[in-house]
Amino acid sequence: MPLWKVYTPVGAYSDADKAEFVAKITEAYGTVPIPAFYVVVIFEEVAANNIFVGGKPHPKFVRFKIDQMARTANGAVVRSWWVHTIDSFIAPWVKDRGFDWEVTVDELPADLWSIQGQVPPPFESVAEKRWIAENKPTPYSCHETIPASGKIWNAGVSGS
C-alpha cells in the first residue's frame, strides 16, 4: 500500500481539491497496477505557527511523507523516475499554487503488512489480479499465489 501523509497549512485545500488530488494519486498507482484500495491518503492541516523550515516559520509549505509496501522501485534509475513522476503529478497542488514542498518515499517490507487481516497476495498473482478487479481484500488460496501469467517454471536447473 502506498500511504500518503500530506501535511498542509490550514485551509490550503478545499474538499473538492482533496478529492481531485487523491484521484490523481490513486490513478498514478493504478498504472502499476495495484488495487485502488491499497492507496491511502491522509491530509493533516497544520497551523501556520507550527510549520518551520530552516528554523523559521513557513506558512506556505506542504510536506509529503509516502510509505510504500506494495511495490518497491528497483535501482537508482527507477527511483529517480518515480520521484520525478510524483513531483509532476503533485505540481498542480503545490508548485502551481505557490507552495514550497518536500517529498520523501520510504519503502517498507511487504511481509510486515496486512489489510483487514489479510496478507496481500504476491505481485502479479492470480489473487492480486482478483483483488484489483474486486477492489477489496478477500481470502485467497495457495493456488491463487501463482503468477496470473501462468508462468511458474524457469528453464535450467537450480543449484541446490
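# Reading a predicted fold: contacts, burial and a helix

User: Which residues does Asp-17 touch, not counting residues up to four places away in sequence?

Analyst: Contact means that heavy atoms lie within 4.5 Å. With residues up to four places away in sequence left out, Asp-17 touches Ala-12, Trp-93 and Arg-97. This is a predicted model, in which local features need pLDDT of at least 70 and side-chain atom pairs count only at pLDDT 80 or more, while totals for chains, interfaces and linings use all residues. Residues are numbered from 1 along each chain as its sequence is written, and side-chain values use heavy atoms, with hydrogens and water left out.

User: What is the mean pLDDT of the protein?

Analyst: The term pLDDT denotes the predictor's confidence in each residue, from 0 to 100. Where pLDDT is low, the predicted coordinates should not be read in detail. Here the mean is 92, and 97% of the residues reach 70 or more.

User: Is Asp-17 buried or exposed?

Analyst: A residue is buried under 20% relative accessible area, exposed over 50%, and partly exposed in between, with a 1.4 Å probe and protein chains only. Asp-17 lies in helix α1 and counts as buried because its relative accessible area is 17%. A polar contact is a pair of N or O atoms within 3.5 Å; within protein, one must be able to donate a hydrogen and the other to accept it, and residues adjacent in sequence count only if both atoms are side-chain atoms. Asp-17 and Arg-97 make such a contact through their side chains, at 3.0 Å.

User: Which residues of α1 are buried?

Analyst: An α-helix has 3.6 residues a turn, so residues three or four places apart point the same way. In α1 the buried residues are Asp-17, Phe-21, Ile-25, Ala-28 and Tyr-29. They lie on the same side of α1, because they cover an arc of only 105° around the axis, the arc being that of the directions from the helix axis to the C-beta atoms. On the other side, Asp-15, Ala-16, Ala-19 and Glu-27 are exposed. The cover over the buried residues of α1 includes β1, β2, β5 and α2.

User: How many residues does the largest nonpolar core have?

Analyst: In soluble globular proteins, nonpolar side chains tend to be buried together. A nonpolar core is a set of buried Ala, Val, Leu, Ile, Met, Phe, Trp, Tyr and Cys residues joined through side-chain atoms within 4.5 Å. The largest one here has 31 residues; among those with the most contacts inside it are Trp-4, Ile-25, Phe-64 and Ile-90. The elements giving two or more residues to this core are β1 (2–9), α1 (15–30), β2 (40–46), β5 (61–68) and α2 (75–90). Among the residues that Phe-64 touches are Trp-4, Phe-21, Ile-90 and Trp-101.

User: Where does Trp-101 lie?

Analyst: Trp-101 belongs to strand β6, residues 100–107. Its relative accessible area is 29%, so Trp-101 is partly exposed. Its side chain is joined to that of Asp-87 by a polar contact of 3.1 Å.

Note on methods. Helices (H or I, at least four residues) and strands (E, at least two) are DSSP runs, numbered from the N terminus.
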